Amino acid sequence: MTLDYAGALERARSLAGEGRRVLGLAGMPGSGKSHLAQRLVADLDGRAVCVPLDGFHLANSELERLGRRQRKGAPDTFDAEAYCQLLRRLRRQRADDLITAPAFDRSREETMTDAIRVAAEVPLILTEGNYLLLSGHGFGQVRQLLDESWYVDCPESERVRRLIARHRAYGKRPTEAREWALGSDRANAELVGAHRLRARFTVRG
């Protein structure tokens, strides 16, 4: 089933009225996950907070040590176990427990620790990322930690255009930006797309 934005907001609002719930937004790079999450958080007016998977990128120094720096963004360049641990904490958060989560600074290509604050009274946790529906690479346990999962989709030409623009905005030369979007990003996108049917709803990004 496909939801437009109005339907997605109605569904998210319903989830936010049921106590602590965790909603996962999965999708290919550039599909609009972050934008959708931001709109939902704004329209839910304090009843939701977003904790992105991108905050769990491995540090560049670690990627270089592992020989994975040129594949940054692939499933094995994330700390999937730490991400799952955070989801578990969020699901059982006590009233007196303030939880912090990392965020990803694209301008520096590094993670910022404790950048996101999650108060116990916030009923809906949105979490968005490419690999929430995967069964391998350490992500197989994510789906059982979500109350619901959505797949964010958009036309392929628009998705690639967004990716190239994003890479250029953060310092890549035009040729390099296009090569990254059609190379590493495309391989990751194909992996994400292969798992799209595991989501409950599809939302246009």
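How many helices and strands are there in the protein chain? There are seven helices and eight strands, where helices (H or I, at least four residues) and strands (E, at least two) are DSSP runs numbered from the N terminus.

Before we go further, a word on what we are looking at. This is a predicted model, in which local features need pLDDT of at least 70 and side-chain atom pairs count only at pLDDT 80 or more, while totals for chains, interfaces and linings use all residues. Residues are numbered from 1 along each chain as its sequence is written, and side-chain values use heavy atoms, leaving out hydrogens and water.

Let's start with the overall form. Along the principal axes, the C-alpha atoms fill a box of roughly 50 × 35 × 30 Å. Buried residues make up 50% of the 205 residues; buried means under 20% relative accessible area, exposed over 50%, and partly exposed in between, with a 1.4 Å probe and protein chains only. Among contacts (heavy atoms within 4.5 Å) with a separation of 6 or more, 75% are between residues 24 or more positions apart.

Six strands form an open sheet in the order E1-E8-E7-E2-E6-E3, with parallel pairing; two strands pair if DSSP finds at least two bridges between them. At the edges are strand E1 (2-3) and strand E3 (48-50), each pairing on one side only. Helix H2 (residues 33-43) packs on this sheet, touching E2, E3, E6, strand E7 (148-153) and strand E8 (201-204), and its direction makes about 165° with that of E6. For that angle, axes are lines fitted to C-alpha atoms, for helices over the stretch in contact, and angles run from 0 to 180 degrees between N-to-C directions.

Let me stay with strand E2. On one side, E2 pairs with strand E6 (residues 124-129) in the parallel sense over six bridges; five bridges join E2 to E7, also parallel. Val22 has Ile125 as its bridge partner in E6. Six of the seven residues of E2 are buried, so this strand is largely enclosed by the rest of the structure.

Not counting residues up to four places away in sequence, Leu25 touches Lys33, Leu36, Ala37, Thr127, Glu128, Gly129, Leu132, Trp150 and Val152.

Helix H1 (residues 5-15) is worth a look too. Its buried residues are Tyr5, Gly7, Ala8, Leu9, Ala12 and Leu15, and they pack against E1, E2, H2, E6, E7 and E8.

Next, the hairpin. Strand E4 (residues 99-105) has six of its seven residues buried, and six bridges join E4 to strand E5 (residues 110-118), running antiparallel. Thr100 stands opposite Arg117 in E5. There are four residues between the two strands, and Glu109 takes a positive phi near 60° in this hairpin. Asp114, in strand E5, also has a positive phi, of about 55°, although it is not a glycine. At 53% relative accessibility, Asp114 counts as exposed.

Finally, the inside. In soluble globular proteins, nonpolar side chains tend to be buried together. A nonpolar core here is a set of buried Ala, Val, Leu, Ile, Met, Phe, Trp, Tyr and Cys residues joined through side-chain atoms within 4.5 Å. Of the 33 residues in the largest such core, Val51, Leu53, Leu90, Val118, Phe139 and Val142 touch the most other members. Strand E2 (21-27), helix H4 (80-91), E4, E5 and helix H7 (184-193) each supply at least two residues, and the largest share, six residues, comes from H4. Apart from this core lies another, of 21 residues, among them Leu36, Leu44, Cys50 and Phe201.
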